[in-house]
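Welcome, and thank you for opening the viewer.

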Amino acid sequence: MTETVVELSHVTAGYAGLNAIEDVSLSIMQGEFLALVGPNGGGKSTLLKVVLGLLAPRAGTVRVFGSFPADSRRRLGYVPQAARFDRDFPISVSDLVAQARLDGAHLFARPSAADRAAVAAALEEMRIAHLSRRPVAALSGGELQRALIARALASEPEVLLLDEPTSSVDARMGETIYDLLVRLNARITLVVVSHDIGFVTAHAGRVACLNRTLVCHAPGALATEALAHLYGGPVRVIDHTSGGGAH
Amino acid sequence: MEFLSAFLQHGFLRNALAAGLLAALGCGLIGPFVVVRRISSLTGAIAHAVLGGMGIALYFGGPPLAGAIVAAVGAALLIGWIGLVRKEREDALIGAIWATGMAVGIVFIAKTPGYDTELLSYLFGSILMVDSSQLWGMVVLDAVIAAAVALLYRPFVAVSFDEELARLRGLPVVALQLLLLVLVSLTVVLLIRVAGLVLVLALLTLPSAAAGHWARSLAGMMAVATLLGGVAAAGGLWISYAPDLPAGATIVLVAAGLFLASLALRALRDRSISRTT
């Protein structure tokens with residue numbers, strides 16, 4: 001029997017008087033690859049923040065590994081949108097990834113051997129070990145995206161939440177990133193927010209469509225029709241399944 | 001040569017150089033945060049609030065340094081509370097503190113007998129008047145700033161680069177942000193003697209912005225900014241000596257010259273890179 005890792009029930013949340021999500025109930029199972037799709041402003045990023053405990057819901061309950069999000073957020077890894085970052089900030093890739101090893105309970109601690117090993121393993125897994133000393137300013141979009149995924153991996157999470165991991169990269173790099181994600185999915189539960197219906201239907205085990213409320217919910221391969229409904233017209237899906245990795 | 005022999009002869013020049021180098025260290029450690037976080041207007045507001053604190057302290061016969069520290073830290077915490085805790089727009093408050101602090105200072109200094117002439121030295125610095133007790137005060141401020149940055153370097157970088165991640169890692173984000181603003185305000189106080197409150201902003205931003213053209217980490221930026229700040233302090237003093245120019249202003253001008261030179265060098269480098277690729 002698979003364990004429920006995240007349980008949202010009747011959750012309403014948002015910012016400044018607007019509800020970005022309303023009455024959303026959703027369970028995320030251990031080991032699955034769930035894609036969250038939907039139009040801009042549909043509440044996808046808000047839902048991630050509620051799960052991470054960065055935003056408190058106005059109504060409803062959220063449980064992560066059976067407890068409050070803030071109490072179990074160390075078991076989660078979060079990959080924010082790459083576009084959000086100040087690319088002029090002077091920081092190297094390895095220092096960026098090492099941020100995930102910070103711990104509020106040991107504020108003055110120096111990085112330990114275990115910290116350095118976790119950083120090295122994460123860089124290796126994202127195949128950017130050769131970039132470890134490069135400043136973030138000198139990275140391509142795809143390299144920065146992989147560095148951000150590596151940062152989340154360095155905290156050794158059981159669930160990885162990714163916000164638009166392919167929005168700032170070209171299609172080819174997007175495919176590479178999805179291949180890396182599929183590999184990670186062998187040991188880590190994945191929740192991926194995406195605009196990219198093609199990638200999502202090819203790789204995700206299950207698709208949840210969010211447009212303020214949860215409007216559909218389908219296994220990856222069956223999602224196309226439901227998505228057409230969501231976007232209010234036929235959706236042209238590019239077939240990525242031939243490359244393997246479909247569920 | 002004339003400057004060198006004067007330097008060996010006059011204690012006040014040695015004190016001035018020591019003050020300039022101590023100021024450069026504080027600038028070098030905190031300036032990079034001001035630059036990468038883009039909080040120079042907040043820093044300007046803190047600097048002008050200092051005049052209010054010093055004016056009130058002088059009027060009531062207290063030590064101006066204490067008034068300066070109270071006003072600087074108070075302004076930093078007030079702006080930080082509005083921006084970080086209440087998440088409201090802080091720019092109107094920054095403007096209000098900037099102007100009100102200055103006005104309070106002018107009024108109190110005008111009503112304090114014998115201190116009218118001091119006003120100019122607070123505005124534009126009086127590095128040649130630094131005495132050894134003030135130098136020790138600067139050493140203490142530098143030590144506090146350096147200790148805080150050394151102990152909390154990684155958490156400070158994390159909250160500056162990605163506040164969300166810092167929260168997810170359980171860091172005390174608001175406390176760290178407010179502490180950083182307090183360190184900025186202490187640095188402003190450190191610099192008042194050297195450059196005056198009008199020119200403080202230049203010393204906190206120019207060496208660090210120039211360092212930012214070349215540094216690959218915030219620590220590297222701190223090292224280069226401290227070096228450039230030291231060069232500006234020594235060079236500015238030297239230039240000011242023979243023609244008897246105000247040293248605070250020449251120090252800022254050297255810092256501005258270094259910044260422009262760095263900008264030009266980087267433009268040249270970028271052009272040569274784009275040619276070869």
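Is A:Arg74 buried, partly exposed or exposed? Select A:Arg74 and show the surface: A:Arg74 is partly exposed, with a relative accessible area of 36%. Before we go on, please keep in mind that this is a predicted model.

**Stop 1: around A:Arg74**

A:Arg74 and A:Asp103 form a salt bridge, and the closest N and O atoms are 3.0 Å apart. This pair links distant parts of the chain, 29 residues apart. A:Arg74 is in the loop between helix 2 (69-72) and strand 5 (76-79) of chain A, while A:Asp103 is in the loop between helix 3 and helix 4 (113-125) of chain A.

**Stop 2: chain A as a whole**

Colour chain A by secondary structure next. You can trace eight helices and nine strands in chain A. What share of the 247 residues in chain A is buried? Buried residues make up 53% of them. The accessible surface of chain A is about 10,700 Å², and 52% of that belongs to carbon and sulfur atoms. For the contacts in chain A between residues at least 6 apart in sequence, 71% join residues at least 24 apart.

**Stop 3**

Select A:Glu32 and A:Arg206. Here is another salt bridge, with the closest N and O atoms 2.6 Å apart. A:Glu32 lies in the loop between strand 2 and strand 3 (33-37) of chain A and A:Arg206 lies in strand 8 (residues 206-211) of chain A, so the pair ties together parts that are 174 residues apart in sequence. Are A:Glu32 and A:Arg206 buried or exposed? Both A:Glu32 and A:Arg206 are buried.

**Stop 4: A:Arg146 and its surroundings**

Move on to A:Arg146, which you will find in helix 5 (residues 141-154) of chain A. Its relative accessibility is 12%, so A:Arg146 counts as buried. Which residues does A:Arg146 touch, not counting residues up to four places away in sequence? Show A:Met126, A:Arg127, A:Ile128, A:Met173, A:Ile177 and A:Leu180 to see them. Then pick A:Ala82 too: the C-alpha atoms of A:Arg146 and A:Ala82 are separated by 9.6 Å, and the two residues are 64 residues apart along the chain.

**Stop 5: where chain A meets chain B**

Show both chains together. The contact takes 32 residues from chain A and 25 residues from chain B. Chain A and chain B bury about 2,800 Å² between them, with 60% of it on carbon and sulfur atoms. Highlight A:Phe89, A:Pro90 and A:Leu102, which supply 26% of the area that chain A buries against chain B, more than any other three residues.

Next, look for charged pairs. Side chains of opposite charge can pair when their charged atoms come close. How many salt bridges are found across the interface of chain A and chain B? There are five. Zoom in on one of them, where the side chains of A:Arg84 and B:Asp162 meet at 2.6 Å, N to O. Between chain A and chain B, 13 residue pairs are in polar contact.

Helix 1 (44-52) and helix 3 (93-98) of chain A are the elements that give two or more residues to the side of chain A that touches chain B. By class, that side has 17 nonpolar, five polar and ten charged residues.

Over all chains, the salt bridges come to 14.

**Stop 6: chain B**

Select B:Arg89 and B:Asp91, whose side chains meet in a salt bridge (2.9 Å, N to O). B:Arg89 is exposed, with a relative accessible area of 67%, whereas B:Asp91 is partly exposed at 45%.

**Stop 7: two backbone angles**

Finish with the backbone of two residues. A:Asp23, in strand 2 (residues 18-29) of chain A, has a phi near 50°, a positive value in a residue other than glycine. A:Asp23 is partly exposed, with a relative accessible area of 46%.

The other is B:Arg38, in the loop between helix 2 (11-36) and helix 3 (40-59) of chain B. Phi of B:Arg38 is near 55°, again a positive value in a residue other than glycine. With a relative accessibility of 59%, B:Arg38 counts as exposed.

Technical notes
Residues are numbered from 1 along each chain as its sequence is written. Chains are lettered from A and ligands numbered from 1 in the order in which they are written. This is a predicted model: local features need pLDDT of at least 70, side-chain atom pairs count only at pLDDT 80 or more; totals for chains, interfaces and linings use all residues. Side-chain values use heavy atoms; hydrogens and water are left out. Contact means heavy atoms within 4.5 Å. Buried area is the accessible area (1.4 Å probe) that two parts lose on being put together, summed over both. A salt bridge is a side-chain nitrogen of Lys or Arg within 4 Å of a carboxyl oxygen of Asp or Glu. A polar contact is a pair of N or O atoms within 3.5 Å; within protein, one must be able to donate a hydrogen and the other to accept it, and residues adjacent in sequence count only if both atoms are side-chain atoms. Helices (H or I, at least four residues) and strands (E, at least two) are DSSP runs, numbered from the N terminus. Ala, Val, Leu, Ile, Met, Phe, Trp, Tyr, Cys and Pro count as nonpolar, Asp, Glu, Lys and Arg as charged, and the others, Gly among them, as polar. Buried means under 20% relative accessible area, exposed over 50%, partly exposed in between (1.4 Å probe, protein chains only). Accessible areas come from the Shrake-Rupley method with a 1.4 Å probe; for residues, only the protein chains shown count as cover.
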